[in-house]
Amino acid sequence: MGACLEGLLQGHGYHTTVSESYGRFSNVLQYLVRKKFDLVIVTNTSIPPADIPSIVPDIKARHPHGHIMVLSGYSSEDFVEDLKEKGMDRFLPLPFQEDALLGEVARLLSSPTH
């Protein structure tokens with residue numbers, strides 16, 4: 001998924017960095033702290049959906065100036081609301097439409113963080 005997102009976003013002029021966790025999200029968090037990002041996209045392709053609600057607040061706490069988007073095949077209303085309460089800015093269900101993803105990325109990057 002990382003390579004797919006990277007190719008799509010770079011093809012539209014965005015500078016991207018991909019860090020896939022495959023169960024070792026602490027390595028990703030350490031990487032996020034060392035760099036400044038305007039947007040972090042979390043997907044459930046390498047992180048189980050059940051782990052995402054605990055990851056979003058960690059990202060927000062360590063990266064408060066950035067936006068967070070979650071892409072997940074699991075999209076129950078309670079799941080999405082919980083993520084919003086924990087600091088997620090946008091949610092897109094998987095599989096996503098390219099135009100929808102690009103539109104949300106553009107909106108997030110043009111808006112201030114909260």
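Q: In what order do the elements of the chain run from the N terminus on?
A: In this predicted model, the order is α-α-β-α-β-α-β-α.

Q: What share of the residues of the chain counts as buried?
A: Of the 114 residues, 42% count as buried. The accessible surface of the chain comes to about 6400 Å², and carbon and sulfur atoms account for 49% of that surface.

Q: What share of the contacts with a separation of 6 or more joins residues 24 or more positions apart?
A: Such pairs make up 59% of the contacts in the chain with a separation of 6 or more.

Q: Why is leucine 39 called buried?
A: The relative accessible area of leucine 39 is 17%. Buried means under 20%, so leucine 39 is buried. This residue is found in strand β1.

Q: Which residues does leucine 39 touch, not counting residues up to four places away in sequence?
A: Leucine 39 touches His67, Ile68, Met69, Val105, Leu108 and Leu109. For one of these, valine 105, the C-alpha atom is separated from that of leucine 39 by 8.0 Å, while the two residues are 66 residues apart along the chain.

Q: Which residues of helix α1 are buried?
A: In α1, residues 2–11, the buried residues are Gly2, Leu5, Leu8 and Leu9.

Q: What puts these residues on the same side of α1?
A: They cover an arc of only 140° around the axis, and therefore lie on the same side of α1. Ala3 and Gly11, on the other side of α1, are exposed. The buried residues of α1 pack against β1 (39–43), β2 (67–72) and α5 (98–109). Just after α1, glycine 13 takes a positive phi of about 90°.

Q: Why is α1 called roughly perpendicular to α5?
A: The two helices pack at an angle of about 65°, with their axes 11 Å apart. Angles of 65 to 115 degrees count as roughly perpendicular, so α1 is described as roughly perpendicular to α5. The crossing in which α1 passes α5 is right-handed.

Q: Which residues of α1 and α5 meet?
A: Leu5, Leu8 and Leu9 in α1 meet Glu98, Leu101, Leu102 and Val105 in α5.

Q: Which residues of helix α3 are buried?
A: Within α3, residues 52–62, Ile52, Pro53, Ile55, Val56, Ile59 and Lys60 are buried.

Q: What puts these residues on the same side of α3?
A: Around the axis they cover an arc of only 155°, which places them on the same side of α3.

Q: Why is α3 called roughly parallel to α4?
A: α3 and helix α4 (residues 77–85) pack at an angle of about 15°, and their axes are 9 Å apart. Angles under 35 degrees count as roughly parallel, so α3 is roughly parallel to α4. The handedness of the crossing in which α3 passes α4 is right-handed.

Q: Which residues of α3 and α4 meet?
A: From α3, Ile52, Pro53 and Val56 meet Phe79, Asp82 and Leu83 in α4.

Q: Which residues does a cis peptide bond join, and what is omega there?
A: A cis peptide bond joins leucine 94 and proline 95, with omega at about -5°. Proline 95 lies in the loop between β3 (90–93) and α5.

Definitions and conventions: Residues numbered from 1 in each chain as written. Predicted model: local features only at pLDDT ≥ 70, side-chain atom pairs only at ≥ 80, totals over all residues. Heavy atoms only, no water. Helix = DSSP H or I, 4+ residues; strand = E, 2+ residues; numbered from the N terminus. Buried < 20%, exposed > 50% of the residue type's maximum accessible area, 1.4 Å probe, protein only. Contact = heavy atoms within 4.5 Å. Areas by Shrake-Rupley, 256 points an atom, 1.4 Å probe, with all protein chains shown as cover. Arc of directions from axis to C-beta. Axes fitted to C-alpha atoms, helices over the stretch in contact; angles between N-to-C directions. Parallel < 35°, antiparallel > 145°, perpendicular 65-115°, else oblique. Left-handed = near helix turned anticlockwise from the far one by under 90°.
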